[in-house]
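Here are a few exercises to work through with the model open beside you. Try each one before reading its solution.

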Amino acid sequence: MNPTTLNIQHGQECPRSSHPPALDITALEKRFPRFTLGPINLSVPSGLIYGLIGPNGAGKTTLLDQIFGMGLPDAGRIQVNGLDHLRHEVEVKRRTAYVGPDLSYAAWGKVGRAIRFVRSFHPDWDDALASRLMQTFGIMPTDRIATLSFGGRMKLALLLAMAWRPHFLVLDEPTTGLDAHAKKAVFAELLAIVKDEARTVLLSTHQISDLERFADHVGILHQGRLLTEGTPADLMQRHVQVEFLCEDPAIRHLPGLFVQENAAARYRAVMDTQTTSIRALTDKGAGEIRSQPLSLEELFIALTP
């Protein structure tokens, strides 16, 4: 697998979009004393839901911060909807919405006041959508923001981001604190958003089951690198779990083989069938080989030990 270059197509039958990529990252690096993000190359076409998953400390928040210009990159460039994220910062932020667990609208006092404030900045604000989301989420204009539960505050943040139908919607753990009904409503609206080829959703989450159902493409981030990407179905078809016996310890270095457990000569591993094969295992002396499919969650756990 190439950990740095991801060129994403929205399904084999999807026509090429006439819009610029929603997100185009070239050779991005951000270095800290104990952590380095990248180098990352990532091109996400408009009109899809892209899911980004990774364990804590993988670099997801750092990557999102870089997209929004929070700290200069050490190398590389980022374009959002064809615009340089630093040179055209104002226009990028005019087209892009963000929702994350750390957002707070408590300073506006009540829900209605926060809605009126945000609405004043967006000519494309959809009153009907805002009202529908308010009803679905069970929040009222008279509700005091400070007294909302964590899930209630997340619902408000989602409403304020989704109601003006941004071109690029970036969501960081958006379903945290949401009940099943609210979660279903959120994903229904996200699917409606990307029916317009000019609009795209980038979803960073630990809720892998949601990505299996709703994401067009998924990228797995680990230790600052993108390990693999593809549609959930393709990723699960491409990777299998294998168990085998082998006396040669060098087999653990076979490209495309990710060893999970090794006791004496017995191995359990994940195999990338685009990189290696059962034949390659037998050529290295492996025997008693058994294989079985993986869920997306099992694949994620295996690739990010």
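This is a predicted model: local features need pLDDT of at least 70, side-chain atom pairs count only at pLDDT 80 or more; totals for chains, interfaces and linings use all residues.

**Exercise 1.** Work out how helix 4 and helix 6 pack.

Solution. First, locate them: helix 4 covers residues 127-137 and helix 6 covers residues 180-193. Next, take the geometry: the angle is about 155 degrees and the axes are 9 Å apart (axes are lines fitted to C-alpha atoms over the stretch in contact, and angles run from 0 to 180 degrees between N-to-C directions). So helix 4 is roughly antiparallel to helix 6 (the label for angles over 145 degrees).

Now the contacts, meaning heavy atoms within 4.5 Å. From helix 4 come Leu129, Arg132, Leu133, Thr136 and Phe137, and they meet Ala182, Ala185, Val186 and Glu189 of helix 6. Sort them by class and you get six nonpolar, one polar and two charged residues (Ala, Val, Leu, Ile, Met, Phe, Trp, Tyr, Cys and Pro count as nonpolar, Asp, Glu, Lys and Arg as charged, the others, Gly among them, as polar).

**Exercise 2.** Describe the pairing of strand 13 and strand 14.

Solution. Strand 13 (residues 257-263) and strand 14 (residues 266-272) run antiparallel over six bridges (pairing takes at least two DSSP bridges). For one landmark, look at Phe258, which stands opposite Val270 in strand 14. Then go to the turn: the hairpin has two residues between the strands, and Ala264 there takes a positive phi near 55 degrees.

**Exercise 3.** Is Glu173 buried or exposed? And Glu288, buried or exposed?

Solution. Glu173 lies in the loop between strand 8 (168-172) and helix 6, and its phi is positive, near 50 degrees. Its relative accessible area is 12%, so Glu173 is buried (buried means under 20%, exposed over 50%, partly exposed in between, with a 1.4 Å probe and protein chains only). Glu288 is in strand 15, residues 287-293, and its phi is likewise positive, near 50 degrees. At 57% relative accessibility, Glu288 counts as exposed.

Methods: Residues are numbered from 1 along each chain as its sequence is written. Side-chain values use heavy atoms; hydrogens and water are left out. Helices (H or I, at least four residues) and strands (E, at least two) are DSSP runs, numbered from the N terminus. Angles under 35 degrees count as roughly parallel, over 145 as roughly antiparallel, 65 to 115 as roughly perpendicular and the rest as oblique.
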